[in-house]
Structures are given as structure tokens and as C-alpha cells.
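Thank you all for coming.

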Amino acid sequence: FDTTNREKFRPIYHHTPAYGWMNDPNGMFYKDGVWHLYYQYNPFGSQWENMNWAHSTSTDLMHWTYQGEAIQPDALGTIFSGSCVVDKDNTAGFGKDAVIAFYTSAGAAQTQSIAYSTDNGKTFKKYVDNPIITSDVPDFRDPNVFWHEDTKQWILILAAGQQMNIYSSKNLKDWKYESNFGEGYGNHGGVWECPDLLKVGDKWVLICNINPGGPFGGSATQYFVGTFDGHKFTCASKPEVTKWMDYGKDHYATVSFSNAPDGRIVVLPWMSNWQYANQVPTQQFRSANGLPREMGLFNYNGEDYVTIKPSPEVFAAFEQKPSGRLQAATWLEVTNIKNNASIVLSNDKGEKVTMVYDGKAGTFSMDRNESGLSDFNNDFKAKTVAPTYGAVKALNIFVDRSSIEAFDADGKLSMTNLVFPTKPYDNVIAKGCKVKIHALKQ
Ligand code: FRU
């Protein structure tokens, strides 16, 4: 426990680097009871520069231990985002159960490279024949790899300008171009980045992070639901349909853990926005991850949407507080929700966040215009609004020192927003609903 770095906006229960800058989660995988999280990291300062992959591990997705830098820049460039797989059958020849990382070498061009680990992701060796995929497209990055059982091959998806390219391989080293997806589909207000392609039930979800172009400005996560036959992703919706995974301003670069147990689909966002990530009022570190979430699907009026719920480990980290006082680290369990319910969190500095469920309009909103510090960037002040796709019966709202995440208990909405109150909110006024307060277990 490091007492020298207790900045006032440092989260109490969200993953964050002790020092330095962090952006995208990278290369996440689960193996032998341990969750591994790598991330875009600048060890030398708290602004974006000098990208490395740093490494943290956890056995419960909530308490993280820093493991040092895992992959460092080389002659091909700095180390941009990517993914890991566990090579159980030694298809690449780096060893049975080797952990293989795919990342973008960001040098004069953006190319894709491999590094492998034979000590469970602690240290990596770079593959001698890097790079493994090259292109003339300037924004060509963020490879995400998974095993496709039906065709018995590895699939790699990466962002290429404003589309996603799909490749296949038998040995993780030699890749064959298969197809692309994106033209004419969804939102194209920015560069497509950080893809993921996941089997959810009998459907496939293609995650596409985009910057800018988000529903409230800046970066956000859109997704497409459809089919994937091992060669091509086909979207089931009309091209003009845009679906957002989260309706806050601070949910980006979200991808899933590889090899997660029990068929779980666990995703993790970077909890910031490129509009102001470099300017948020922290000093020795910048950025945290949002809470780990589980993904599923639901259907509303003929369209499939993803459900997003906090992972069970999140709930297990809290206990109900008999005194019921709002604390800096709180889970608010909201039930008995009426059509015009509101929840206001505030402190005695006049800083507040107002959340409103409007059952008639079918919306949930969070207003952070007066939430605390906001003058570091003109794009910070915001009121974010989500469609609820039917009635909201219960909400789970997680408050930390500099974030609020609201989830519909049925998974139909999530909203992730940063806030910088100069004093923690210690008062909650709930109308048209019941609120139970849970505090973090000591
Ligand atoms: C997304 C991103 C990625 C890139 C990384 C660089 O936030 O721009 O596309 O790999 O950040 O740090």
C-alpha cells in the first residue's frame, strides 16, 4: 500500500496505475485462476506518450497487483493496443500454454507484431520475424485474436481506417486476409479502433470503438450484432442502425478477456474520453478502468442489443451499511422505481449529480454540469441520456472518488461518467424510488 500517492481523485476500487499515464486495456486473459490486464502505459509521465504494455493481475477482478512493464518499445516502434491468447495446443510452436501477445508496432508505419510468454504473461520475448501483418493504411492497428472452433483456425480482427479487417491463421504467425466489415454501417464520425469479435449465444457481436463520433462527443463504443462464419462478419441490422454499448462519456477501448472461465464474457473499458483524458485534474497518474462487466444479449422490437451488467465480483466487494450514509466508495441499489424517479448526489460545496428516469420518454439521464471541477476542458460538462428499452425496475449505481457508473439491473443500459467533486458527495436525495446504500467491504 503506497501512502505517497493518495491524490484526492484516485479511485478507491477501480484499477489505475500508481504513477504514469494509462489508456486502453490490452491483452486481457484469464489463466489458472488469475485475471491478467495489460494496458497502454507511459511510465515516464501522466500524459499520453512512450507507449508500453504494463501489466496488473487480480484473482477477483477488483483487487489488482502491479506486475511491471511487460512489453517495451523497440526498433519497430512503440507498443500500441492489442490482445493475448493462450496457445493450449502449441499451434505457434512457442510452447504448450504459451501466452501470445498481438500488438501494433507504432513506428514510421503501423504494423502488427507478436511477443510470447512462457511464464504466464510475466515476461515476453518478441518474435524474430516481426512484423507479421503490414499495410499502407495509416490507421492500421489494435489486433484482436481468438480461436474459431467451427473452422478450427485463429481469427484476427484489426482496425483499418474506418473498417475492420479480418484475417485467419493456423499457426498465429502467417495470416491470410479474409474480409472486411464497416463500409456504410453504423457511425463513421471518427477513426475505428480497438475491435473485438465475440460469440454471444448463437450470435456474434463485433465491438467497434470509435474516436471521435460518440453520442455525447469524443470517443465511445459502438457494436454490431450479426453472424460470423469464420471468414466474414455479416451485420443483422440495417446499415444505418447505430448501437452504443454505454451511454456515458467515459467508456472507451472496451474489449473482452480471452479464455474467461464458465463461458463468461467479461469486458473492461478505459474510463475516459480522448476529448480531455490528458487534462483531467489528477497529477501523478491519469485514468482508471471502468468496473468489469459481463455481456449478453436481449431483443427489443426485433433488434438485438447487448446486456451489460457489473461482474458478480463487483457486488461481492460490497456490504450493506446499516448507517446508510453515502461514502466516497458506494454502491447504491435502487428499487421500486416510479415513472419519474430522480436521485441527486451532492456535497456541501453545492456540487451535485442529478440522475433521472423518465418512464414515459423511456430515458435515463445523468447530469454532471455541476458535479465539481470541470474547467480543465470545455467538453467535460455534459448531461448524458440513454434509451431504456422498456421499463427500468432496478438500478445499480457505483460511486467512487471520481466516477459514477449506472447500470439497469436487467442489463439494458449502462452509463459511465467521470466526476471531480472537490469533496466526496455525502448526501443522497431519492424521489420516486428506494435506495439502499452498500459500502465497500473493509
Ligand atoms: C485507442 C488508441 C488505439 C491505439 C492506442 C494508442 O485509444 O488510439 O487505437 O492502439 O490508443 O495508445
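Let me begin with a convention: a residue is called buried when its relative accessible area is under 20%, exposed when that area is over 50%, and partly exposed in between. By that convention N90, at 30% relative accessibility, counts as partly exposed. Please keep in mind throughout that what you see is a predicted model.

Y389 has its place in the loop between β28 (383-387) and β29 (395-400). Is Y389 buried or exposed? With a relative accessible area of 16% it is buried, because the cut-off for that class is under 20%.

One joins N130 and P131, with omega about 0°, and P131 sits in the loop between β8 (125-126) and β9. The other joins N211 and P212, with omega about -10°, and here P212 belongs to the loop between β14 (203-211) and β15 (220-228).

That loop between β14 and β15 also holds S219, which is buried, with a relative accessible area of 2%. Leaving aside neighbours within four places in sequence, the residues in contact with S219 are I210, N211, K249, H251, Y252, S272, N273 and W274. Within that list, N211 is the residue joined to P212 by the cis bond, while Y252 and W274 are both among the residues around the ligand.

Which strands supply at least two residues of the shell each? They are β1 (20-31), β5 (78-87) and β9 (140-148). As for the polar distances, a polar side-chain atom of D142 lies 2.6 Å from an oxygen atom of the ligand, an N or O atom in the side chain of D24 is 2.7 Å from a ligand oxygen, and for S81 a polar backbone atom is 3.1 Å from an oxygen of the ligand. Taken alone, the ligand would expose 320 Å², and the protein buries 95% of that.

In the segment before β1 we find H15, and this histidine is buried, with a relative accessible area of 7%. Its side chain makes a polar contact of 2.8 Å with the side chain of S56, and another polar contact of 2.8 Å joins the side chains of H15 and N289. Beyond its neighbours within four places in sequence, H15 is in contact with M22, L37, Y39, S56, W64, A288 and N289.

Finally, let me step back to the whole protein, which has one helix and 33 strands. How does the radius of gyration agree with the expectation for a compact globule? For 442 residues such a globule would have a radius near 22 Å, and the protein has 21 Å, which agrees. Along its principal axes the C-alpha trace spans about 60 × 55 × 40 Å, and buried residues make up 61% of the 442. Among contacts between residues at least 6 apart in sequence, 57% join residues at least 24 apart. The protein exposes about 17000 Å², of which carbon and sulfur atoms supply 48%.

I will stop there and take your questions.

Definitions and conventions. Residues are numbered from 1 along each chain as its sequence is written. This is a predicted model: local features need pLDDT of at least 70, side-chain atom pairs count only at pLDDT 80 or more; totals for chains, interfaces and linings use all residues. Side-chain values use heavy atoms; hydrogens and water are left out. A residue is near a molecule or strand if one of its heavy atoms lies within 4 Å of it. A polar contact is a pair of N or O atoms within 3.5 Å; within protein, one must be able to donate a hydrogen and the other to accept it, and residues adjacent in sequence count only if both atoms are side-chain atoms. Accessible areas come from the Shrake-Rupley method with a 1.4 Å probe; for residues, only the protein chains shown count as cover. Helices (H or I, at least four residues) and strands (E, at least two) are DSSP runs, numbered from the N terminus. The radius of gyration is taken over C-alpha atoms; the globule rule is 2.2 Å times the number of residues to the power 0.38. Buried means under 20% relative accessible area, exposed over 50%, partly exposed in between (1.4 Å probe, protein chains only). Contact means heavy atoms within 4.5 Å.
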